[in-house]
Structures are given as C-alpha cells and as structure tokens.
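Student: I have a structure to read and I am new to it. Could you take me through its features one at a time?

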Amino acid sequence: MAESDNIVVETAEKIFADLADPQTVNNAKKDSWQAPLWQALSEAGLPLSWVPDDLGGSGASLADGFALLNAAGRFAVAVPLAETMLAGWLLAQARISSPEGEMTVLPAGPKDRITLDADGALSGRARGVPFAKAAKHFAVLAHGKDGVSIALIDASKGRIEAGLNVGYDHSDTVTLDKVQPVTVKPAKGFDQTTLMLMGGVARSLQIAGALEAMLDISVRYSNERVAFEKKISKFQAVQHNLARLAGESAAALAAATSAADAIANASSFNDEVYLEATSAKIRCAEAAEKGGAIAHQVHGAIGFTVEHILHRYSLRALAWRDDFGSESHWAVELGKLVANRGADELWPLVASR
Amino acid sequence: MTAALRFDPIRLPEKCEQLRKEVRAFLADEIAAGTFDPHKPNREDTDAPEFSRRVGAKGWLGMTWPKKYGGQERSFLERYVVTEEMRVANAPTRRFFVADRQSGPVLLKYAPENIKMDILPRICRGEVCFAIGMSEPNSGSDLFAAKTRATKTDGGYLINGTKIWTSSAHIADYMIAIFRTSQPTKENRRHGLTQFLVKMKQPGIQVNPIGQITGQYEFNEVVFTDFFVPDDHVLGEVDGAWKQATSELAYERSGPERFLETYYVLTELVRAVGPNPDTRSAEGIGRLVAQLHTMRRMSVSVAGMLQAGKEPVVEASIVKDIGTVWEQQLPHRVRDLAAFVEETATNRETLERQLDFAIKTAPKLTIQGGTTEVLRGIIARGLGLR
C-alpha cells in the first residue's frame with residue numbers, strides 16, 4: 001500500500017531500517033535497541049500520527065497512518081507504535097490531548113468491559129492488552145450510565161499482570177479498581193465495536209506487512225539453499241508452495257488496504273465499513289496461519305531457530321490474530337449481520353464498492 | 001522486496017453504481033418475463049439468443065471497444081459491474097460471454113480492418129457466439145504441443161486435426177484457434193503455432209458433443225478435415241502465437257466469473273438459515289463472506305490495473321488461483337452447514353438441488369481456462385523462481 005511518495009512511510013521505513021533491522025534486533029542480547037528506536041519514532045511524530053496538531057499530535061491522515069502500520073509489519077516492529085497510534089486516535093475522538101510517551105488502549109478485546117461510575121472512577125478488567133507493561137498511559141473506553149466515555153489514565157494506577165503473546169511481545173491483563181482518570185469525556189456516537197474494528201484493521205495491516213516480508217525472505221532463501229544438487233526454488237513442489245504464499249500475502253494485503261481505504265473515506269462505521277473491517281481481520285488471520293506455515297516449510301529447520309528472523313514475522317502475525325477480536329469472533333458477528341440483512345441483501349452488500 | 005505484488009484499493013466510480021442499477025432492473029424484468037430462473041444455476045444448458053440480443057441492444061457487449069466497431073468506449077470497471085451482476089443473477093450469458101471477454105479483444109488487436117468491421121459490431125449486438133480452440137486430444141495445459149495442422153495453400157490454409165473440450169462449439173458462429181504452421185525449433189519449442197479466425201458451421205468441420213459429469217453437453221470435440229481458412233483470417237504473426245497468448249491472460253483470468261461460479265449456494269444457504277443463525281452457521285457464513293469479499297476486492301483491483309493500461313499477469317493468476325479453489329470448495333462448505341438447516345426451511349429443496357449441481361460442477365473449476373498447476377507456475381515465474 002505504501003506509495004513511494006508517502007513521506008510518512010518513507011520516514012518510518014528509514015527509521016526502521018536504521019534502528020529496527022530485524023536481524024540486528026534478533027541478534028541483540030538485551031532490549032537496548034528499543035529506546036533509540038522509540039526516540040527516533042517520537043521525534044518524527046509517528047506514534048501520534050492520528051492525533052490532530054491542536055491535541056499534541058502530528059495530524060497525519062488516517063490513510064498515511066494505515067500505510068505506516070503496514071510498513072511496521074514489514075519490519076516486525078516490536079515497540080508499541082500501533083498501540084500508541086490507536087490510543088491517540090481514541091483520545092482524539094473525545095477531543096482529549098495526547099501525552100508524550102508510550103500508550104496502549106483498554107479494552108483490547110470485544111468481550112471485556114471497563115465501567116465508569118458516578119464518581120468518575122474507572123473499574124474493570126482488560127485481558128490481552130498489548131504492551132500494557134511498556135505504556136505510560138492508557139486510553140480507555142468505558143461504559144457509564146450515560147453511555148460511552150473515553151478516558152486518559154496514568155498507567156501506574158492500574159494493576160498489571162504481565163504476560164507474553166505467542167510472538168513474545170507483552171500482552172498483559174490490566175485491572176482497574178476505582179481509578180481516577182487524568183481526563184474523561186463523553187464520546188457520543190462512539191462505541192466499543194468501532195474501537196475493535198479500528199484495532200482489527202491496524203492488526204490486519206501489520207499481518208499483511210509481515211506476510212510480505214515472509215514471502216520476500218522465503219523466495220530469497222529458496223534461491224540460495226541447495227538440496228539434491230540444485231536450488232530448492234527449482235523444485236516444482238517448492239514453487240507451488242511459494243505461489244500459494246504469494247496468494248495469501250496478496251489476499252491479506254488486498255483485504256487490509258481495502259478496509260483501511262474504506263475507513264479513511266467513510267463518514268460513519270456503516271454496514272459496508274463493517275464488512276470491510278471484519279473481512280480484513282478474518283482473512284488476514286487466515287493468511288497468517290496458511291502463509292506462515294508455508295514460509296516455515298520452505299525454510300526447514302533453520303527457520304525454527306531463534307537465530308533466524310523468520311519467527312519475528314511468523315509468530316507476531318499469529319499473535320496479532322488475537323487482538324481486538326479473533327477471526328472466529330468476527331466471523332460469527334459478520335455471519336449474524338449477513339443473516340439478519342437477508343439472503344437477497346448479501347450481494348448488494350458485497351458489491352457496495 | 002522481490003515480489004512487488006500490488007492490489008490497490010480501487011473504488012468503483014459513481015457511474016458504475018448507476019449502471020449497476022440499470023443492469024439489476026433489466027435482469028429483474030427478464031426474470032419476471034420468464035427468460036431464466038435465477039435459482040436454477042445450470043445456465044449452461046440455456047442458449048438464449050434473444051436475451052443475448054437484448055443485452056447487446058443495451059450496449060453492454062463490447063462496452064470497452066471503440067465506437068466505430070459498435071463499442072461504447074466505456075471503462076473496464078463498468079464492464080466489470082455488468083459481468084458480475086449477470087453472473088450473480090445466473091443469467092444465460094453463454095452465447096455472448098466468450099466473444100465479449102476474450103475473442104473480441106483478440107480481433108481488435110490482431111484482425112484486419114475488414115474483419116473487425118464485419119464481426120465486432122455483430123458481437124456488440126449479441127448476434128454471434130465464439131468458441132476458443134486451444135486444447136487437443138494430446139495437448140491440454142501444454143498448449144505448445146498442439147498438432148492440428150494449417151498447411152499453406154492458394155489464398156489461405158488447409159486445416160486438419162482435432163480440437164477438444166471446446167465449450168460452445170456446437171452453437172458457435174466462430175472459433176479463434178491455434179494451429180500448427182511450422183515445427184517447433186530447437187531453441188524455441190513454442191515456435192510454429194499461429195492464431196486463426198475460423199468460421200464455424202461449414203463443411204469440413206464436424207462438431208461432436210461430449211457429455212460432462214454434470215449431465216450437460218457444454219463442450220465438444222471439433223474435427224477439421226481439409227477445412228479452408230483464407231489468408232486474412234490469420235490473427236497476428238505467423239508462427240508467433242506464443243507471443244500473443246500471455247497478455248490476454250490477465251483479461252481471462254481475473255474476472256468475477258473466476259470466483260462466482262457456485263456463488264448461488266451461499267445465497268441459498270443464507271436464505272435457509274434465516275435471520276437468527278446458530279453460532280456454527282454464523283461463523284461459517286461469516287468466513288465465506290470475508291473470503292468472497294477479499295477476492296472480489298482483489299479482482300476489482302486487477303480490473304482497475306487493466307483500465308490503467310497495465311498487464312498484471314501475476315496478480316490476475318493469483319486471483320484465478322485463489323478464486324477457483326474457493327468456488328470449488330464453496331459447495332462443500334455450504335453442504336457442511338446445510339446439515340444444520342431446519343427441516344422447516346422453505347427453500348430446502350432448492351438448496352439441495354443447487355448443491356447437487358454445484359458439487360458436480362466443482363471439479364472443473366480449477367481446470368478450465370488454465371489449471372491451478374499452470375497458474376502457480378506463472379506466479380512462481382513472477383516471483384523469480386523459474
């Protein structure tokens with residue numbers, strides 16, 4: 001999706017290449033690469049891409065931000081860039097200014113609920129919150145008796161049980177017990193589903209980026225590795241596997257960029273946008289499974305080692321499936337929507353753009 | 001990145017939506033008039049010459065072609081909309097579909113002016129049916145093994161040999177075929193084949209129907225015995241058909257017909273489960289819709305690239321690979337879910353009848369118009385593996 005004339009993506013790719021090279025990061029014994037990377041991203045205004053200037057951000061378009069996430073996927077970037085972008089975006093929905101530093105969003109799954117009580121305090125539990133442990137602030141979507149509100153809270157006010165997802169990134173449980181927010185404002189017309197869909201499309205773009213990279217390194221490896229006295233790329237079985245990986249990568253990219261384009265140009269989260277966003281998450285998750293398996297098959301044992309970079313992509317792509325609603329969750333929801341609209345309204349929905 | 005695959009999110013322009021409304025209204029009228037039954041998918045049995053003329057009269061055939069040949073000079077995206085609406089409605093498109101998609105564009109590119117002026121306007125009016133003569137009894141996917149000879153004679157060529165699996169040859173007015181004009185060379189085994197326009201329904205051509213496992217007689221064996229083709233029916237370069245083949249593939253391989261062939265069973269399933277599906281049915285339908293939506297967006301994206309004058313051969317092959325595998329599996333996935341449909345569903349019999357036909361249709365979908373194996377070979381070449 002990255003347009004070559006997209007300055008946001010160009011800037012990000014340069015930073016990723018310099019400070020988040022997957023092989024360098026993979027070789028590092030400590031996490032000392034993280035601080036310079038985050039600093040460079042922050043100086044370029046990238047974590048707050050989706051926050052307007054007057055709320056402390058850099059005011060990039062939704063489309064540029066989505067392209068940036070796709071690029072981050074291509075580098076398997078393991079700092080809370082996507083999470084801070086989503087948090088800033090969420091806060092901006094209620095015209096709340098974004099603070100500096102890492103953020104993440106609560107809740108990160110469709111089943112969890114945070115409540116806002118009459119005293120303006122927040123309570124509830126959110127599981128699988130990406131990078132909660134690294135965040136300085138949380139952007140929270142909460143349900144109160146007057147509807148949905150959006151709040152900014154200090155991360156130290158929440159109780160965090162640290163965990164890791166299958167990609168070895170932090171995925172934590174955050175419990176809020178009558179936490180007083182820094183700011184809280186009502187968010188009329190906004191709901192948790194909208195946040196989940198936005199988060200899901202962000203993850204879809206990251207998965208698509210990871211698959212592009214997996215295709216790239218798998219093709220390269222097959223052109224180098226010799227077995228049975230020839231490059232393995234010359235075996236038809238390997239060629240056909242890689243063709244299928246290209247198909248999965250293409251499907252993920254098409255679904256994710258289409259959903260991003262739909263959101264970037266929509267005036268509301270209507271049925272058409274819902275179809276786009278849920279389809280992207282469902283199809284990208286399926287591609288992460290099928291495509292990742294092929295990438296590993298092509299690499300053989302070397303791809304199963306911690307020394308090799310493949311797992312940085314393959315495991316993260318699998319982990320990203322779980323955030324903001326898994327593919328099976330969204331499939332049920334999309335199936336209900338389709339059934340509810342009725343058989344003769346299915347095609348008009350699919351053909352809506 | 002070694003593989004710069006692109007599927008930009010194309011939005012259909014406003015005029016497409018107006019056109020879509022017109023096509024839907026037209027099809028609704030045709031259904032009301034009894035021209036065809038949208039719930040009856042075996043459209044291949046239905047040759048509908050009058051319907052074909054009415055579609056032509058609407059200006060929906062050869063839509064992208066120059067006006068002087070009867071075309072409308074409209075965009076590929078507009079043609080896309082017409083094609084998908086016809087397909088989803090199960091309209092009887094057999095008589096004009098190949099001519100509109102494939103044969104017309106070949107003639108536009110390679111035929112002499114007199115032939116273009118003669119045939120293209122008739123395609124646009126929905127008056128002529130085309131067949132494609134590629135496969136032979138001993139050459140299917142290996143196109144360049146074709147043996148049917150075209151021997152030079154006074155003013156033209158004499159054709160001897162047999163084409164096979166030729167869809168619609170029994171009703172076709174013309175065939176665009178490849179015949180052998182020279183032997184392959186040591187350096188190039190693809191050398192020596194030439195593309196020809198053949199006027200059907202003449203002495204020297206015998207069409208023998210072949211029964212298919214669906215119960216239909218859609219494809220044929222076509223035997224040529226000293227059949228004369230005049231010189232001006234040569235399309236393109238003599239001995240050089242291989243150079244002309246690849247650029248057509250993007251048109252042939254990425255259209256909505258490459259994933260909508262069995263779509264009707266999904267609609268019927270949604271009807272059968274009703275507005276409140278159980279979790280298993282909802283999840284199954286949701287996944288199928290997400291996959292369908294993704295493929296359509298990929299296919300529309302390729303149409304957009306064609307409109308922009310690009311030749312996205314690899315992207316088109318990916319669409320056909322994923323699309324045909326999907327439409328092949330679709331009847332089986334719908335069958336899985338149909339097991340949970342209530343006995344009381346009013347369209348149960350329709351669904352079962354459709355599944356019966358779709359399951360029998362499914363095996364051909366990954367064979368016709370380029371097998372899955374051939375497509376994956378093309379994709380692999382695009383990735384730099386061959």
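Tutor: The crossing of helix 6 and helix 9 of chain A is left-handed. Keep in mind throughout that this is a predicted model.

Student: What are the angle and the axis distance for helix 6 and helix 9 of chain A?

Tutor: In general, a pair of packed helices is described by the angle between the axes and by the distance between them. Here, helix 6 (residues 192-224) of chain A packs against helix 9 (residues 310-320) of chain A at about 150°, and the axes are 9 Å apart. Angles over 145 degrees count as roughly antiparallel, and helix 6 and helix 9 of chain A are therefore roughly antiparallel to each other.

Student: Which residues of helix 6 and helix 9 of chain A meet?

Tutor: From helix 6 of chain A come Arg203(A), Gln206(A), Ile207(A), Ala210(A), Leu211(A), Ala213(A), Met214(A) and Ile217(A). They meet Leu310(A), Tyr313(A), Ser314(A), Arg316(A), Ala317(A) and Trp320(A) of helix 9 of chain A. By residue type, this contact of helix 6 with helix 9 of chain A has 10 nonpolar, two polar and two charged residues.

Student: How do helix 1 and helix 4 of chain A cross?

Tutor: Helix 1 (residues 7-19) and helix 4 (residues 62-74) of chain A cross at roughly 25°, and their axes come within 9 Å. Angles under 35 degrees count as roughly parallel, and these two helices of chain A are therefore roughly parallel to each other. The crossing of helix 1 and helix 4 of chain A is right-handed. Helix 1 of chain A contributes Val8(A), Val9(A), Ala12(A), Glu13(A) and Phe16(A) to the contact, and helix 4 of chain A contributes Asp64(A), Ala67(A), Leu68(A) and Ala71(A). The residues of this contact of helix 1 with helix 4 of chain A are seven nonpolar, no polar and two charged.

Student: Where is Asn6(A) placed, and with which residues is Asn6(A) in contact, leaving aside its neighbours within four places in sequence?

Tutor: Asn6(A) is in the segment before helix 1 of chain A. Leaving aside neighbours within four places in sequence, Asn6(A) is in contact with Asp64(A) and Ala67(A). Asn6(A) and Ala67(A) are 61 residues apart along the chain, and their C-alpha atoms are separated by 8.5 Å. Asn6(A) counts as partly exposed because it has 19 C-beta neighbours inside 10 Å.

Student: Is Leu337(B) buried or exposed?

Tutor: The test is a count: a residue is buried if 20 or more other C-beta atoms lie within 10 Å of its own. Leu337(B) has 24 C-beta neighbours inside 10 Å, so Leu337(B) counts as buried. Leu337(B) lies in helix 9 of chain B. Apart from neighbours within four places in sequence, Leu337(B) is in contact with Leu269(B), Ser281(B) and Gly284(B). The C-alpha atoms of Leu337(B) and Pro230(B), which are 107 residues apart along the chain, are separated by 56 Å.

Student: Which residues other than glycine have a positive phi, for instance in chain B?

Tutor: One of them is Ser168(B), with phi near 65°. Ser168(B) is found in the loop between strand 3 (156-167) and strand 4 (174-180) of chain B. Ser168(B) is buried, because 23 other C-beta atoms lie within 10 Å. In chain A, Arg95(A) has a positive phi of about 55° although it is not a glycine. Arg95(A) is in the loop between helix 5 (81-93) and strand 1 of chain A. With 13 C-beta neighbours inside 10 Å, Arg95(A) counts as partly exposed.

Student: What kind of peptide bond joins Leu106(A) and Pro107(A)?

Tutor: It is a cis peptide bond, with omega about -10°. Pro107(A) is found in the loop between strand 1 (103-106) and strand 2 (114-116) of chain A.

Student: How many residues of chain B are in contact with chain A?

Tutor: There are 47 residues of chain B in contact with 45 residues of chain A. On the chain B side, helix 3 (76-88), helix 7 (264-273), helix 8 (279-307), helix 9 (313-338) and helix 11 (372-382) each supply at least two residues. The largest share of that side, 18 residues, comes from helix 8 of chain B. The residues on the side of chain B that touches chain A are 23 nonpolar, 14 polar and 10 charged.

Student: What scores does the predictor give the complex?

Tutor: The complex has an ipTM of 0.97 and a pTM of 0.96. Chain B averages a pLDDT of 94, and 97% of the residues score at least 70.

Notes. Residues are numbered from 1 along each chain as its sequence is written. Chains are lettered from A and ligands numbered from 1 in the order in which they are written. This is a predicted model: local features need pLDDT of at least 70, side-chain atom pairs count only at pLDDT 80 or more; totals for chains, interfaces and linings use all residues. Two residues are in contact if their C-beta atoms, placed from the backbone, lie within 7 Å. Helices (H or I, at least four residues) and strands (E, at least two) are DSSP runs, numbered from the N terminus. Ala, Val, Leu, Ile, Met, Phe, Trp, Tyr, Cys and Pro count as nonpolar, Asp, Glu, Lys and Arg as charged, and the others, Gly among them, as polar. Axes are lines fitted to C-alpha atoms, for helices over the stretch in contact, and angles run from 0 to 180 degrees between N-to-C directions. Angles under 35 degrees count as roughly parallel, over 145 as roughly antiparallel, 65 to 115 as roughly perpendicular and the rest as oblique. A crossing is left-handed if the near helix is turned anticlockwise from the far one by less than a right angle, and right-handed if clockwise. pLDDT is the predictor's confidence in each residue, from 0 to 100. A residue is buried if 20 or more other C-beta atoms lie within 10 Å of its own, exposed if 12 or fewer, and partly exposed in between; C-beta atoms are placed from the backbone.
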